[in-house]
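Reader: Can you walk me through this one? Keep it quick.
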Amino acid sequence: MPEPVQYRGMTLVVPDNDSEWREYLALARQHRLMLRRCRACKLMRYPPTHACPWCAELEWDWQEVSGRGTIYSYEIVAHAIQPGFRDVTPYPVVLVELDEQRGRPTPDEALRIVANLVKPDGTMEDARNVAIGRRVRAVFQDLADYLALVQFTLTDEPPEGRAWRLPE
Amino acid sequence: MSAQSLRDKYCIVGVGETEYSKNSGRTTRAMAVEAIHRALGDAGLRATDVDGMLSYQNNDSTPANWVAPDLGIRLNFFMDVVGGGSSTEALIGLAMGAIEAGMCRTVAIFRSMNGYTDLRIGGTGPRATAPVRGQDLAQVPFGMRSAGQNFALTFMRHMYEYGTTSEQVAHVKVAHSKHASQNPKALLKDRVTVQDVVGSRWIVKPLHLLDCCLETDNATCLIVAPAERARDLRQRPVYIMGVAGRVSKPRTDFHWAHGPITRVAGYYAREIVFGQAGITPDDVDVTGSYDAFTFTTMLQLEEYGFCKKGEGGHYVSSGIIELGGRRPNNTSGGHLCEGYTHGMSMVIENVRQLRGTVDDYCPRAAEGHHSYDYAPGRCRQVKDAEITMNLGWAMPPTGSALIMRR
């Protein structure tokens, strides 16, 4: 079993038998955002679970996606619960909707991922720059030689629809 | 299938709780025993009349088969489930099922926790530094661990989609603080204003400090028995008309995948519980919508049809949910002001509302004499409350519901 990874005071444990996250995080370490794609109905899913939530098929393949998406919702944590986050408050958590497979198989469904919004150098983005509708791309935060976190950073693209943030 | 076959066949016959505090100074076992003892006294039951026991917990409590023997109770059925909010209503349904199956006759349901002095409900302390593995890897490494952090994305999206404002939602805290000012048990009895709420410090945007409930040490108990038994007991029977739970959204493991994320589990529980009860939201006199946060109360009232989806901000700020309004919510002050009980206290309060014996400051409240004067430090009894509804929340994708009548 690989050594647990220390990150912001947390111990991330990804044992060999973690058949959901181990490969996903190892692929992220190769700086590739890969999702599981059902071999029967061809729909991708996240998190990397063991059956297709739409057709219950057990067989799947890894499929690379662009990592491009739009901020669907966000929050700004002012009071950190985890001690390792206290030095970065207020920090943004975003829910990113990926460009692939939006509105499928039903109009309200999409591939969405929780992450921090970070600057290109990996530090936390200024909370004032976060808004629903802003465009982002995946960046990879290497934590060990077999594990990276998928984070997102702002792009220069215009926002999708109106960019909205909570009034001050 | 007869969806209404159990309507009015079961009752809540006894309720009880310990003091709500931030320093219980004793074990969850001791508190559970006291809460059950009080509920037995309330019902006019002897300890040995109880032969079924259910509890819920998150590895922060004492199981039923340790608590029951302390009171000399031998159990024919017991179960301790892992779960938090929304377990209350679900376990009431399970208690009815256990009795219906002939496994036992009278069931005590309890929740006991040192939610302030031991395992902090807000997530600080040992929970914040626990190893992160499995499904937690999807959120926790990004600083998203506490309940407020887990729900805030839903709340923010609601503000974006529907124009809901912080000021509108703050009215939930304002209303519940008014109710708590009539409740001798409440931890926070001071009334607050909208400005107090939106002026309090940010915890996780869009939640201010006063949008969040109180971590509390306490135990609570409800006793379920068949209606024919209830009619011989001490209190006016409170009949269970319908129950649903724990109902989930699709993809409850990662509910962000299935939109709209502003839709919560009540959307799916609604038809079950109203179908059983044979009523509509318009028939409900009092609601108990889980207020872990101001927003959770609003989201559920929308989803169960007390207003249109998206109009929850208007509904909760219109005066409807306050004592004296059309349909008061959480007349005890709820989790925001009375104390946090993982949902139990909201059912207890509604039982007392239906009996007409809410424990406010009216001198003869226990006999059902109330002034209906909702000035501070007076009355919180709703006049002639006939039907109540509890809307139980665990997370956006998990919820339960209960409709009771007098």
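Author: Start with one pair: in β7(A), the bridge partner of Y74(A) is V94(A). Strands here are DSSP runs of E, at least two residues long, and helices are runs of H or I, at least four, all numbered from the N terminus.

Reader: How many bridges join β6(A) to β7(A), and in which sense do they run?
Author: 8 bridges, antiparallel; β7(A) covers residues 91-98. Two strands count as paired if DSSP finds at least two bridges between them.

Reader: Before I go on, what sort of model is it, and how is it numbered?
Author: This is a predicted model: local features need pLDDT of at least 70, side-chain atom pairs count only at pLDDT 80 or more, and totals for chains, interfaces and linings use all residues. Residues are numbered from 1 along each chain as its sequence is written, while chains are lettered from A and ligands numbered from 1 in the order in which they are written.

Reader: What are the scores?
Author: ipTM is 0.97 and pTM is 0.97. Chain B averages a pLDDT of 96, with 99% of its residues at 70 or above. pLDDT is the predictor's confidence in each residue, from 0 to 100.

Reader: Which strand of chain A does β6(A) join over 3 bridges?
Author: β9(A), residues 135-144, also antiparallel. There, T70(A) has R135(A) as its bridge partner.

Reader: What does β6(A) pair with in chain B?
Author: β6(B), residues 202-205, in the antiparallel sense over 2 bridges. I76(A) is partnered there by K205(B).

Reader: How many residues does each chain put into the contact?
Author: 38 from chain B and 37 from chain A. Contact means C-beta atoms, placed from the backbone, within 7 Å. On chain B's side, α4(B) gives the most, with 7 residues. By class, that side has 23 nonpolar, 10 polar and 5 charged residues. Ala, Val, Leu, Ile, Met, Phe, Trp, Tyr, Cys and Pro count as nonpolar, Asp, Glu, Lys and Arg as charged, and the others, Gly among them, as polar.

Reader: New topic. How many residues are in the largest nonpolar core?
Author: 173. I12(B) and L222(B) are among those with the most contacts inside it. A core is a set of buried Ala, Val, Leu, Ile, Met, Phe, Trp, Tyr and Cys residues joined through C-beta atoms within 7 Å.

How values were computed. Contact = placed C-beta atoms within 7 Å. Buried ≥ 20, exposed ≤ 12 C-beta atoms within 10 Å, placed from the backbone.
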